[in-house]
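Could you show me around this structure, one selection at a time? I have it open in a viewer and would like to know what to click on next.

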Amino acid sequence: EVRRPRSPPLPGTPVYRAEDRLLEELLNLDEEQIPLNVGHLLHRENIPVPISGRELHRHAAILAMTRYGKSYFSGRIIEELLCQGASILTIDAHGDYANMTQGPDGGLHPFYHDKVTVYRPEAAEQFEAPHARPLRISVSGIGFRELRALAQVSGSLQTILLRRAVRKAKSENPLYTLDDVVRHLEDRMKDAKADQADRIARIVMRLEDLSRRGIFTDGDLDLPALFKPMHMSDIFLSGMTDYVQDVIVGMILRRVFDAKFKKEPWARSPIFIFVEEAHRFAAPPSERGGRFSRDILARIAAEGAKFGVFLTVISQRPRRLDPDILANCSNLAILRVVNSQDQRTIQAASESFSEDLLEDLPALEQGEAILVGPFVPLPVMIKTATRETRHGGRTPDIHMLLAEAKERVNTKMDDEPLY
């Protein structure tokens, strides 16, 4: 039996190196805990360290400096969850998870090749693959606040005019489009006075600009598909502006939460949500965080566990995460962190994160992490296990790229005539 000491040992008390058998017994989890093999004990490669998938209902945060392995670590958790049959939704700001159908060598993975669907808005950067699908978002499927924000309509009078046009379009056709809203505004402009006609014209111009961005489609989001068991749905947002990402993420997460809240029959499975670059979406208002995504993330962090919505936030800027959201993430995986403000933010988020652990953070190498919280029996330092799938967040090989550039220049010089 292993017990936590209530008082420190007396000076001079002998300290012994724990045997492998004892450590394995201590860190082992039974099947009811849904053990997820994420790594091995630091400096003891033969001792695996699983985390409890069951305890992820208490939410988690994966925090580290950039390029120290946080996305790689979260990808390892996703691999393990997929093997357990989980429904997973990833908010993918840079496309880090879009190639998880492939093995590290670039070939299709025998297990994961059909377990991932990438949903890409038309306005995002190009990504072509057999598992990529268009992210369908209809105007009628989003709220008025989202439409107003995307169109960047400001001012009370313009807001009133836009709301009336939307209501009229909706009364005629529940599946109204942006063109329907524009048509009603143009009809109103015909009989409007000069100042009001000018306001309407500005709204129409903004809606037409919005239409050209490729955000909206004829169809709508296939929400039941996001709850498919043993499957990951990746929302590919790379290349989109921050405020558009904010609105899209807020809309999707709100509809996912509402489906669980209303107990839709196709949403029975618990859903694990991973939010990459979480400081973009979960920052407090004082840090100019996402106006739409922050509120629903805060609600998921506070209430999601009751409805089977489990959150993991991933960020290199802990100090920019909303304290209320971070405080509700009981499980912490911390890789290298040097900034003192970030370190204090992490310590404030968990009473189990001691001063000694805090001092270890700057010394961690790439892929090394400190795990704290209910998903491990006690705070532990690990080395992340090797991924089975292709990692999309790799640092470019600068030496190779510069060598290729130099070779191209030399080849061109050899081909050019001297005179």
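Start by selecting L401, which sits in helix α12 (residues 398–415); helices here are DSSP runs of H or I with at least four residues, strands are runs of E with at least two, and both are numbered from the N terminus. L401 is partly exposed, at 41% relative accessibility (buried means under 20% relative accessible area, exposed over 50%, and partly exposed in between, with a 1.4 Å probe and protein chains only). Areas come from the Shrake-Rupley method with a 1.4 Å probe, and for residues only the protein chains shown count as cover. Patch members have over 30% relative accessible area and no salt bridge; like charges are joined within 9 Å, and nonpolar side chains (Val, Leu, Ile, Met, Phe, Trp, Tyr) within 5 Å.

A word on what you are viewing: this is a predicted model, in which local features need pLDDT of at least 70 and side-chain atom pairs count only at pLDDT 80 or more, while totals for chains, interfaces and linings use all residues. Residues are numbered from 1 along each chain as its sequence is written, and side-chain values use heavy atoms, leaving out hydrogens and water.

Next, select R163, R164, R167, K168 and R188, which gather in a surface patch of positive charge. Lys and Arg count as positive and Asp and Glu as negative, with His and the chain ends not counted; each charge is placed at NZ of Lys, CZ of Arg, CG of Asp or CD of Glu. Helix α4 (residues 156–172) supplies the largest share of this patch, four residues.

Then turn to the salt bridges, of which the structure holds 21 (a side-chain nitrogen of Lys or Arg within 4 Å of a carboxyl oxygen of Asp or Glu). Pick D20 and R44, whose closest N and O atoms are 2.6 Å apart. This pair links distant parts of the chain, with D20 in helix α1 (residues 20–27) and R44 in strand β2 (residues 44–52), 24 residues apart. D20 is partly exposed at 29%, whereas R44 is buried at 11%.

Where do E79 and R76 sit, buried or exposed? Both are buried, and their side chains meet in a salt bridge of 3.3 Å, N to O. They are separated by about one helical turn because they lie three residues apart in helix α2 (residues 70–83).

Finish at A259 in helix α7 (residues 242–261), which is buried at 3% relative accessibility. A259 and L223 are 36 residues apart in sequence and 8.5 Å apart in space, C-alpha to C-alpha.
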